[in-house]
Amino acid sequence: MKKHYFIGLLILLVSNFSFGANRYWVAPGAGNWNDIANWSTTSGGAGGASFPTVGDFAYFDVNSIGDCNINIDAEFDGINTTGYIGTIEIDGFVFNPTVSGTDICVFASGTIQDTPGTSSVSYTTTNITYFSGTTFDVEVDVVSGRLAFNGGTFNEVTTVEQTGGSNTPGTGGV
């Protein structure tokens, strides 16, 4: 009987630590990715949460005012930029928004750039990627289960591959 309790406790502990968290960019001005003062657990909330890492979903939304400077390799699990009017500057670092390979990426607004021109937005996911308004001043290399193009501006080399079996309707891009 004790063995069953131990196994149940072990499963509970593993499940509690294996799920990521939602992180919201809340910097009031330009700030660095790895500064916890720039991340919150809620949209528009107080800073102090950990920055997104493996398992975490990053939100850049209407309450995300400041530009984000990627100052370390950024590898996390999902992104949504709906409502964001700022710029994410990759600055030569790794930018992998679906490191586990199973998460959704929504690029709906804002700008992603790489001033040194040595990095890219590069990832593979079995899920869906939406391009619907973000300006990419950076190379894009995406393999996604499904792709939806409903806008966006791609100013550098862009390579995308859809690996899923169903088509996702879109209205095109720029």
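The structure holds 17 aromatic pairs. The model is predicted. Two of the pairs are set out below.

| Ring pair | Distance between centres | Angle between planes | Class |
|---|---|---|---|
| Tyr 24 and Tyr 59 | 4.6 Å | 10° | stacked |
| Trp 33 and Phe 60 | 6.5 Å | 25° | stacked |

Planes under 30 degrees apart count as stacked. The planes of Tyr 24 and Tyr 59 are at 10°, so this pair is stacked. Tyr 24 belongs to strand β1 (residues 22-25) and Tyr 59 to strand β4 (residues 57-59); the pair links distant parts of the chain, 35 residues apart. Tyr 24 has a relative accessibility of 15% and therefore counts as buried, since buried means under 20%.

The planes of Trp 33 and Phe 60 are at 25°, so this pair is stacked too. Trp 33 lies in the loop between β2 (31-32) and β3 (39-40), and Phe 60 in the loop between β4 and β5 (68-69), so the pair ties together parts that are 27 residues apart in sequence. Trp 33 is buried, at 0% relative accessibility. Phe 60 is also buried, with a relative accessible area of 0%.

Both residues belong to a cluster: ring pairs link Trp 25, Trp 33, Trp 39, Phe 60, Phe 76, Tyr 84 and Phe 95.

In soluble globular proteins, nonpolar side chains tend to be buried together. The largest nonpolar core here has 28 residues, and Phe 60 and Phe 95 touch the most other members. The elements that give two or more residues to this core are β10 (105-107), β12 and β14 (139-149). Leaving aside residues up to four places away in sequence, the contacts of Phe 60 include Trp 25, Trp 33, Trp 39, Cys 68, Ile 79 and Ile 88. Asn 80, Thr 81 and Thr 82 are also among the residues that Phe 60 touches.

Two other loop residues can be looked at one by one. Ser 119 is in the loop between β11 (111-113) and β12 (120-131). Ser 119 has 13% relative accessibility, so this residue counts as buried. Its side chain reaches the backbone oxygen of Phe 93 at 2.8 Å. Not counting residues up to four places away in sequence, Ser 119 touches Ile 90, Gly 92, Phe 93, Val 94, Asp 114, Val 138 and Glu 139.

Asp 91 sits in the loop between β8 (87-89) and β9 (95-96). Most residues other than glycine have a negative phi. Asp 91 is not a glycine, yet has a positive phi of about 55°. With a relative accessible area of 33%, Asp 91 is partly exposed.

Conventions:
Residues are numbered from 1 along each chain as its sequence is written. This is a predicted model: local features need pLDDT of at least 70, side-chain atom pairs count only at pLDDT 80 or more; totals for chains, interfaces and linings use all residues. Side-chain values use heavy atoms; hydrogens and water are left out. Helices (H or I, at least four residues) and strands (E, at least two) are DSSP runs, numbered from the N terminus. Buried means under 20% relative accessible area, exposed over 50%, partly exposed in between (1.4 Å probe, protein chains only). A polar contact is a pair of N or O atoms within 3.5 Å; within protein, one must be able to donate a hydrogen and the other to accept it, and residues adjacent in sequence count only if both atoms are side-chain atoms. Contact means heavy atoms within 4.5 Å. A nonpolar core is a set of buried Ala, Val, Leu, Ile, Met, Phe, Trp, Tyr and Cys residues joined through side-chain atoms within 4.5 Å. Rings of Phe, Tyr and Trp (its six-membered ring) pair if their centres lie within 6.5 Å; planes under 30 degrees apart count as stacked, over 60 as edge-to-face and the rest as tilted.
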